[in-house]
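Thanks for coming. Please have the model open.

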Amino acid sequence: MKDLVEEIKKLGGNMEETIDFVYWKDGDGNWIEVNESTEKIFELNGVNYDGKTASDIAHYVPNFKEFFNTCSMTDEQTWKNEKVTRFEEHFTEQNGNKRIFAVTKVPFYNQDGSRKALLIIGKDITKVTQNEAILEKTIKELADFKFALDQSSIVAITNNKGEITNVNDKFCEISKYSKEELIGEDHRILNSGHHPKSFFKNMWKTIGSGKVWIGEVKNRAKDGSFYWVKTTIIPFVNSNNIPYQYIAIRQDITEQKEIAEQILYNAYHDNLTGLRNRHGFREDISDWIEENRETGKMAVFFLDLNRFKYINDTLGHNVGDQILKAVSNRLYNHLNEKADLYRFGGDEFIIVVKNHSVEEVEQFAKDIMSLFLDPFYIGKERHYLTSSFGVSLFPRDGQDFDTLIKKADTAMYLAKEKGHNAVQFYTVEMSENMKKTMKLEKALRQAIDQEQFILYYQPQIDVKTQKMIGVEALIRWEHPTLGMVPPNEFIPLAEETGLITPITEWVLRTACRQSCKWQEEGIKPLRMGVNISPYLFKANLVNMVKQILDDTGLDPSYLELEITESIMQAAEITTPILNQLKSLGVRLSIDDFGTGYSSLAFLRYFPIESLKIDRSFIDEIEKDNGVIVKTIIDMATHLNLNVVAEGIETKEQLDFLSELDCDEGQGYLFSRPLPISQMDELLHKMN
């Protein structure tokens with residue numbers, strides 16, 4: 001036994017530098033001897049362990065009780081194995097730190113096969129195990145990161161010359177190139193031509209200095225399609241801070257870019273016509289002025305469609321939109337790079353002509369106006385449109401966007417006053433006229449609130465009997481300082497501003513009350529004619545008329561609503577409204593017949609009683625032998641319609657109309673429009 005111990009000691013001494021503890025037990029499991037490291041590790045200094053079992057020793061060092069118990073079990077396992085056996089033993093120090101030992105147990109036997117001694121050698125592998133665990137964890141994390149990166153990002157690795165050395169599947173998927181086609185190439189294979197050379201020069205300057213570069217790049221795939229990627233290029237540098245390779249990580253942002261580009265496009269383009277809009281116009285013109293301020297010339301046309309609100313109100317916004325697109329297409333096709341076209345908003349368009357003389361601009365305006373002579377077809381329906389043009393010139397009228405638009409707009413309003421398809425160049429005098437118009441609008445609003453209006457009445461005469469059978473109510477504005485303002489000066493403004501609704505309501509109510517009053521005074525009932533603006537021709541017109549008839553108590557048969565010929569252009573909208581008005585019991589007539597674009601075919605379907613021949617045709621009787629008047633009367637006779645001739649001023653005109661069997665007449669020959677006092681006097685004399 002002593003020889004064995006000495007051999008073991010000698011073995012332990014030789015292994016002192018490669019092991020952390022070594023101790024041995026006899027065949028019965030009693031501790032024989034330990035080395036110094038063992039005493040230190042298991043805190044055995046001062047403990048008499050010789051001849052004691054592990055459980056005995058555990059009483060002195062309770063912190064290692066679990067460790068010793070485990071060792072006793074592995075001792076027995078080693079004896080049973082009858083060979084050198086290795087185990088991994090764990091224990092926790094008093095401070096809570098965990099330690100791991102690689103333990104080797106070597107059994108020795110007597111010649112008779114009985115147990116002789118057990119050598120136990122241990123090596124602290126705590127740090128090695130922890131490092132291996134950390135390494136394993138790190139490798140797993142890197143593998144997970146690579147997997148996640150490959151699933152979510154487009155990755156490419158290049159050498160310091162920019163040659164591709166590796167790519168992932170997503171790179172191939174978006175670029176449409178295989179790995180074999182990409183490796184060895186540089187990124188110029190994807191160049192879309194979108195970015196300037198300076199873009200890539202700055203990129204290489206950044207990554208060449210060892211700094212990370214982040215940017216958005218537009219690339220071209222193998223099939224010619226384009227895509228956008230948000231790119232982060234990370235340089236890997238050597239000990240001298242010189243890059244030896246680069247990793248580029250990209251995200252596909254094509255969809256976001258397309259959305260952003262669409263948003264930007266929408267911000268500067270009209271979604272109905274596709275033309276550049278007000279914002280695009282402002283940007284384009286402001287930039288052009290900045291670049292051509294010294295030598296450039298420019299004409300700004302402000303185009304407005306006349307009575308377009310009426311089209312929207314009667315035909316609906318869907319038809320209105322189709323008309324706007326038709327106008328846009330006709331203008332765009334005509335301009336054909338001669339000028340720039342914009343939709344400013346609503347029914348307003350802007351045309352910009354650059355670097356042409358005033359004479360050329362004037363001719364250009366005439367050419368554009370001629371585009372509105374032909375009708376616009378929406379489906380099978382024809383629509384005749386007129387427009388008004390205001391023109392301002394750079395640099396004469398202004399040297400900035402706002403001034404040029406303001407003055408072109410001012411000129412356009414004056415063109416509207418001239419009539420259909422008129423063009424007006426800006427002049428200094430226009431500003432004063434515009435101020436007057438603004439003052440007039442303000443005064444008109446006050447006139448409604450303060451009821452400054454009065455009605456005049458013009459008799460309507462039976463041509464055969466020469467007796468009065470009706471009157472037409474004609475509005476006048478009695479302004480406190482301006483005096484009597486005729487309707488042709490304020491009615492167009494009222495229609496444009498929407499004030500025509502309260503004004504017409506007042507006229508209808510006042511005229512119906514007056515008719516009732518005359519009847520109460522014993523005057524024979526007369527037909528009361530009231531003009532209805534086409535701007536009012538919508539569903540609530542019927543409710544307005546019905547309510548006023550109910551409020552005043554006037555018999556509907558004595559009310560005649562005079563409507564303009566232009567409503568025939570929207571027959572599908574206006575016919576139902578006319579029928580509803582007719583169902584109230586009122587009479588309907590078409591005023592100023594022959595001056596508008598009308599479809600005579602609709603006359604047979606409209607529930608009207610009479611046509612009023614415009615005064616311009618009566619004036620021409622002597623010049624054209626009344627051919628138009630004859631035609632209208634003949635047509636009306638066949639359609640069983642009553643005919644009223646307006647503007648009769650001479651006996652010759654009356655005689656001519658009488659020979660043609662014209663039913664009624666109205667004009668200065670019989671009476672001028674009379675204020676209520678004179679009309680009362682006339683009616684009482686006749687009665």
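I start with an open sheet of five strands, ordered 12-13-11-16-17, with mixed pairing. Strands here are DSSP E runs of at least two residues, helices are H or I runs of at least four, and both are numbered from the N terminus; two strands pair if DSSP finds at least two bridges between them. The edges are strand 12 (340–345) and strand 17 (422–425); each has a single partner strand, so one side of each is left without a neighbour in the sheet. On average, neighbouring strands of this sheet are turned by 20 degrees against each other, direction ignored.

Before going on, the basis: this is a predicted model, where local features need pLDDT of at least 70, side-chain atom pairs count only at pLDDT 80 or more, and totals for chains, interfaces and linings use all residues. Residues are numbered from 1 along each chain as its sequence is written, and side-chain values use heavy atoms, with hydrogens and water left out.

Strand 12 pairs with strand 13 (residues 348–354) through five bridges, in the antiparallel sense, and Tyr 342 stands opposite Ile 350 in strand 13.

Which helix lies across this sheet's strands 11, 12, 13, 16 and 17? That is helix 14, running at about 145 degrees to strand 16. Angles run from 0 to 180 degrees between N-to-C directions, and axes are lines fitted to C-alpha atoms, for helices over the stretch in contact. Contact means heavy atoms within 4.5 Å.

Helix 14 (residues 401–418) also packs with helix 10 (residues 278–292), at an angle of about 115 degrees and with the axes 10 Å apart. From helix 10, Phe 281, Arg 282, Ile 285, Ser 286 and Ile 289 meet Phe 401, Asp 402, Leu 404 and Ile 405 of helix 14.

Five strands, in the order 7-6-10-9-8, form an open sheet with antiparallel pairing. Its edges are strand 7 (164–167) and strand 8 (213–220), each with a single partner strand, so one side of each lacks a neighbour in the sheet. Neighbouring strands are turned by 30 degrees against each other on average, direction ignored. Helix 8 (residues 197–208) packs on this sheet, touching strands 8, 9 and 10, and its direction makes about 140 degrees with that of strand 8.

Finally, Glu 622 lies in helix 21 (residues 621–624). Its C-alpha atom is separated by 36 Å from that of Ile 368, 254 residues apart along the chain.
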